[in-house]
Amino acid sequence: MEEKIIVGRNLKALREANGYTQEQVANFLNIGRSAYANYEAGEREAPMEVMEQASELFGCELALLFDENKQAVNNMLVCAFRADNLSANDLKEVAAFKNIVLNYIKMDRLMA
């Protein structure tokens, strides 16, 4: 499967699991909604900076966005944080919290 299609599928799955709209994610990433929609549809390749910011928002390792294994992505979805009517600042706070959790998981993995 083509890489940008895999990434698009994973971006969409993570966005929907978190209850975000394309508009909210695009605003967080400082890009237009149509650009983000093209990334999800696999029509355009997202720049690495955008991919890194998306992984922060979704609280996952960057490599997960490129993973063809749907089960790996599904396993990450159980940690999705859902809330309604989040502002742009709220999304930044959620992303910061998820980054703390992800770093804890990485440290725990290294210590095991």
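A residue is called buried when its relative accessible area is under 20%, exposed when it is over 50%, and partly exposed in between, with a 1.4 Å probe and protein chains only. The structure is a predicted model, in which local features need pLDDT of at least 70 and side-chain atom pairs count only at pLDDT 80 or more, while totals for chains, interfaces and linings use all residues. Residues are numbered from 1 along each chain as its sequence is written, and side-chain values use heavy atoms, with hydrogens and water left out.

**Exercise 1. Classify Glu 40 and describe its salt bridge with Arg 15.**

Solution. 
Step 1. The relative accessible area of Glu 40 is 8%, so Glu 40 is buried.
Step 2. A salt bridge requires a side-chain nitrogen of Lys or Arg within 4 Å of a carboxyl oxygen of Asp or Glu. For Arg 15 and Glu 40, the closest N and O atoms are 2.4 Å apart.
Step 3. This pair links distant parts of the chain, since Arg 15 belongs to helix H1 and Glu 40 to helix H3, 25 residues apart. Helices here are DSSP runs (H or I, at least four residues), as strands are (E, at least two), numbered from the N terminus.
Step 4. Arg 15 has 10% relative accessibility and therefore also counts as buried.

**Exercise 2. Find the other salt bridges and state which residues form a network.**

Solution. 
Step 1. The count comes to 3 salt bridges.
Step 2. Glu 16 and Arg 15 meet through their side chains at 3.9 Å, N to O. Glu 16 counts as partly exposed because its relative accessibility is 42%.
Step 3. Glu 2 pairs with Lys 4, with the closest N and O atoms 3.8 Å apart. Glu 2, at 45% relative accessibility, counts as partly exposed, and Lys 4, at 27%, counts as partly exposed.

**Exercise 3. Decide whether Asn 18 is buried or exposed, and name the residue whose backbone oxygen lies 2.7 Å from its side chain.**

Solution. 
Step 1. Asn 18 is placed in helix H1.
Step 2. Its relative accessibility is 1%, so Asn 18 counts as buried.
Step 3. A polar atom of the Asn 18 side chain lies 2.7 Å from the backbone oxygen of Leu 14.

**Exercise 4. Describe the overall fold of the protein chain.**

Solution. 
Step 1. The protein chain has 6 helices and 0 strands, in the pattern α-α-α-α-α-α along the sequence.
Step 2. Its radius of gyration, taken over C-alpha atoms, is 13 Å, close to the 13 Å given by the globule rule for 112 residues, so the chain is as compact as a globular protein of that length. The globule rule is 2.2 Å times the number of residues to the power 0.38.
Step 3. Buried residues make up 37% of the 112 residues.

Conventions. Polar contact = N/O pair within 3.5 Å; in protein donor to acceptor, adjacent residues only side chain to side chain.
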